[in-house]
Amino acid sequence: MRRTAQETREHILTVTHDLFYWHSIKGTGVDAVAAAAGVAPTTLYRLFASKDDLVAAYVERAGGLYKQWFLDATAEGSPVDRILSLFDALIEQVQPAYCRGCPFLMAMAELPDASVKAHALAVETKAWVRERIGELAPTDVLADQIFLVMEGVYASVQSLGADGPARQARGLVESLLAAAR
């Protein structure tokens, strides 16, 4: 059964996510993406004009999925409950079978030029997360602190795993919230 162009694009982006996330953006060539997706390179280039366009589409798609995850994790309860639910969901998300770190931090590290679209999209996702935390936290200072704890989880799981310092995140956020009351 043939896929539509949109279905083929989504299939390629799903494959791209697995390759870029687990094997790096710079370490994965377009030919490897095409082969893994089971499409001809010409098909890939018809949907994405360049690797830069493919990388930007990958980061944009990852941002949309991440934003939905965040909204689902913080959907119910008081602002404090929603923040704590976020950290419960975060610890589940950063388990080694699912996570090797933050895809947005990794994209920014691999593509440090702020004028690159994929870098800008990764920054936009991080800013969106900080804004959403700011809507839940009673002060900007507390929102910044909670955001830093969240970023620390992603940074620490790369080297020390989900059972390392990351397991302290919820307790630290509970302490920050209690101190703010």
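Trainee: Which residues are linked with Asp 88 in a network of salt bridges?

Mentor: In this predicted model, Asp 88 is linked with Arg 170 and Glu 174 in such a network.

Trainee: What makes Asp 88 and Arg 170 a salt bridge?

Mentor: Their side chains meet at 2.5 Å, N to O. The cut-off is within 4 Å, so the pair counts. Asp 88 sits in helix α5 and Arg 170 in helix α9, 82 residues apart.

Trainee: Is Asp 88 called buried, exposed or partly exposed, and why?

Mentor: Asp 88 has 35% relative accessibility. Buried means under 20% and exposed over 50%, so Asp 88 is partly exposed. Arg 170, at 27%, is therefore partly exposed too.

Trainee: What about Glu 151 and Lys 126, buried or exposed?

Mentor: Both Glu 151 and Lys 126 are buried. Their side chains meet in a salt bridge at 2.6 Å, N to O. Glu 151 lies in α8 and Lys 126 in α7, so the bridge ties together parts 25 residues apart in sequence.

Trainee: Which residues touch the most other members of the largest nonpolar core?

Mentor: Phe 87, Ile 133, Ile 146 and Met 150, out of 61 residues. The largest share of this core, ten residues, comes from α4. Ile 133 touches Phe 70 and Ala 143, among others.

Notes. Residues are numbered from 1 along each chain as its sequence is written. This is a predicted model: local features need pLDDT of at least 70, side-chain atom pairs count only at pLDDT 80 or more; totals for chains, interfaces and linings use all residues. Side-chain values use heavy atoms; hydrogens and water are left out. A nonpolar core is a set of buried Ala, Val, Leu, Ile, Met, Phe, Trp, Tyr and Cys residues joined through side-chain atoms within 4.5 Å. Buried means under 20% relative accessible area, exposed over 50%, partly exposed in between (1.4 Å probe, protein chains only). Helices (H or I, at least four residues) and strands (E, at least two) are DSSP runs, numbered from the N terminus. Contact means heavy atoms within 4.5 Å. Lists of a residue's contacts leave out its neighbours within four places in sequence.
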